[in-house]
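Please read them with the coordinates open.

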Amino acid sequence: MALLFQVGPSHCIRSDKMEASITKDRFISFPSLPSNSTETMHSLHSDSAGVWYKRGHRSVIHASPPTEDAVIATEPLTKEDLVGYLASGCKPKEKWRIGTEHEKFGFEIKTLRPMKYEQIAELLNGIAERFDWDKIMEGDNIIGLKQGKQSISLEPGGQFELSGAPLETLHQTCAEVNSHLYQGRYEIMRNYMPKVGSLGLDTMFRTCTVQVNLDFSSEADMIRKFRAGLALQPHYFANSPFTEGKPNGYLSMRSHIWTDTDNNRTGMLPFVFDDSFGFEQYVDYALDVPMYFVYRAKKYIDCTGMSFRDFMSGKLPPLPGELPTLNDWENHLTTIFPEVRLKRYLEMRGADGGPWRRLCALPAFWVGILYDEVSLRNVTDLIADWTPEERQMLRNKVPKSGLKTPFRDGLLRHVAEDVVKLAKDGLERRGFKETGFLNEVTEVVRTGITPAEKLLDMYHGKWGQSVNPVFEELLY
């Protein structure tokens with residue numbers, strides 16, 4: 001997800017080094033592509049330096065180019081600098097904001113194949129011209145759009161993503177979502193349907209990934225929210241509408257894939273529950289995650305498997321003698337993919353995409369839990385005696401068995417009922433009349449049947465074990 005926004009209007013940067021080099025947050029994704037996407041990615045690589053892949057593998061990094069460093073590092077970064085970078089995200093509650101990200105996947109109606117880059121470029125150009133977005137270019141290629149604190153960017157498979165502005169209420173975030181989808185629908189119909197008759201955003205885009213980014217007030221507040229987010233992440237993608245039925249038996253393919261993608265940089269991070277955990281411990285973890293790249297002179301330099309610690313000592317083999325800036329550290333943090341990720345805010349990353357009407361349920365769930373002191377305290381008490389083995393068991397089994405996953409003396413569904421009630425109570429105490437955004441999730445928990453299971457029933461029933469109807473079922 002390129003060009004990730006900064007949650008909140010600003011962060012207080014206490015270090016001169018930070019003030020000189022920090023610009024804006026970015027995210028560079030590293031998903032595994034389906035086999036039929038390989039040719040697409042090879043052609044995109046030849047069109048844009050923003051797509052990077054290692055030959056012989058199907059994994060790619062795709063991003064709008066990172067902002068160039070404002071200064072060249074002349075002295076080594078210290079671990080204290082890296083810790084201070086994370087700590088600079090602390091802000092008082094009145095400045096907490098809600099940032100959402102969601103992806104849509106474009107496909108051709110007749111073939112069900114992904115959009116080509118040329119089609120995506122025309123779509124981006126059309127939105128820019130019609131709705132006054134600024135274009136993000138890489139050479140002659142358009143690779144994204146920006147308007148205020150919102151950005152639109154591309155993922156490796158051609159997913160079309162909105163990184164929303166940091167907003168105060170769920171009503172604002174949902175209005176932003178609706179505006180974004182309307183703009184895409186309008187432009188694709190205007191530009192493509194008269195030409196080829198097989199593309200239309202109103203019939204071709206569906207969401208892929210949905211996440212919410214939330215603030216913290218202090219290191220202690222970050223720890224509580226990090227732990228709650230990790231422990232409840234399996235609960236959310238079990239009871240949420242953001243799972244997609246798969247004929248192989250997994251209710252959430254996204255969740256299943258991440259269990260075996262790169263164990264060095266994914267997972268449930270059990271050390272977050274250690275008594276010693278804090279900003280410094282996360283820095284130690286991130287320093288030990290192998291690097292992917294360094295960005296210099298508008299090019300990605302392959303540093304796969306190398307050590308950021310060596311980089312800090314000027315001993316990175318591709319850049320001997322060169323020292324990293326905080327922009328390099330920022331980029332490195334974006335190549336770590338746990339269920340909850342720490343930057344200068346926390347990212348809740350476990351959800352799959354789903355239909356339009358459910359996009360606002362994800363931020364509603366987490367805001368109700370994490371932005372209300374009473375609900376957060378109750379969740380903290382609820383998960384206090386969960387063992388690392390239990391948390392990992394849920395992470396492993398929920399993608400396949402959903403709310404029916406056995407947990408202690410009952411089912412996950414029973415825990416989910418309590419957690420969703422806590423989220424609803426938290427939203428009510430916020431006083432913005434936001435509880436309606438939880439209706440879809442509440443219904444899933446009430447029935448115990450996830451949207452993924454409903455899709456699987458259709459796959460085995462009226463769809464005749466064909467996956468093609470899912471495109472029509474979930475299109476916008």
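**Notes on the predicted model**

1. The hairpin. Strand 4 and strand 5 form a hairpin in which 2 residues lie between the strands, and Gly 139 in the turn has a positive phi of about 65 degrees. Strand 4 covers residues 134-138 and strand 5 covers residues 141-147; the two run antiparallel and are joined by 5 bridges. As an example of the pairing, Met 137 has Ile 142 of strand 5 as its bridge partner.

2. The chain as a whole. There are 18 helices and 16 strands in the chain. The chain has 476 residues, of which 59% count as buried. Among contacts with a separation of 6 or more, 73% are between residues 24 or more positions apart.

3. The disulfide. How many disulfides does the structure hold? It holds 1, between Cys 174 and Cys 360, with an S to S distance of 2.2 Å. The link of Cys 174 and Cys 360 is right-handed, with 100 degrees about the S-S bond. Cys 174 belongs to helix 5, whereas Cys 360 sits in the loop between strand 14 (346-352) and helix 12 (361-370), so the pair ties together parts that are 186 residues apart in sequence.

4. Cys 90, at 24%, counts as partly exposed.

5. Glu 176. This residue is found in helix 5, which spans residues 170-191. Its relative accessibility is 8%, so Glu 176 counts as buried. Which groups surround the side chain is worth a look in the viewer. A polar atom of the Glu 176 side chain lies 2.8 Å from the backbone nitrogen of Ala 165. Leaving aside residues up to four places away in sequence, Glu 176 touches Thr 100, Gln 150, Leu 162, Gly 164, Ala 165 and Leu 167.

6. Helix 12 against helix 15. Helix 12 packs on helix 15 (residues 412-430) at an angle of about 75 degrees, and their axes are 7 Å apart. Helix 12 is therefore roughly perpendicular to helix 15. On the helix 12 side the contact is made by Ala 364, Phe 365, Val 367, Gly 368 and Ile 369, and on the helix 15 side by Val 419, Val 420, Leu 422, Ala 423, Gly 426, Leu 427 and Arg 430.

7. Helix 12 against helix 13. What is the packing angle between helix 12 and helix 13? The angle is about 85 degrees, with the axes 6 Å apart, and helix 13 covers residues 373-383. These two helices are therefore roughly perpendicular to each other. Helix 12 contributes Gly 368, Ile 369 and Leu 370 to the contact, while helix 13 contributes Ser 375, Leu 376 and Val 379.

Methods:
Residues are numbered from 1 along each chain as its sequence is written. This is a predicted model: local features need pLDDT of at least 70, side-chain atom pairs count only at pLDDT 80 or more; totals for chains, interfaces and linings use all residues. Side-chain values use heavy atoms; hydrogens and water are left out. Helices (H or I, at least four residues) and strands (E, at least two) are DSSP runs, numbered from the N terminus. Buried means under 20% relative accessible area, exposed over 50%, partly exposed in between (1.4 Å probe, protein chains only). A polar contact is a pair of N or O atoms within 3.5 Å; within protein, one must be able to donate a hydrogen and the other to accept it, and residues adjacent in sequence count only if both atoms are side-chain atoms. Contact means heavy atoms within 4.5 Å. A disulfide is a pair of cysteine sulfur atoms within 2.5 Å. Two strands pair if DSSP finds at least two bridges between them. Axes are lines fitted to C-alpha atoms, for helices over the stretch in contact, and angles run from 0 to 180 degrees between N-to-C directions. Angles under 35 degrees count as roughly parallel, over 145 as roughly antiparallel, 65 to 115 as roughly perpendicular and the rest as oblique.
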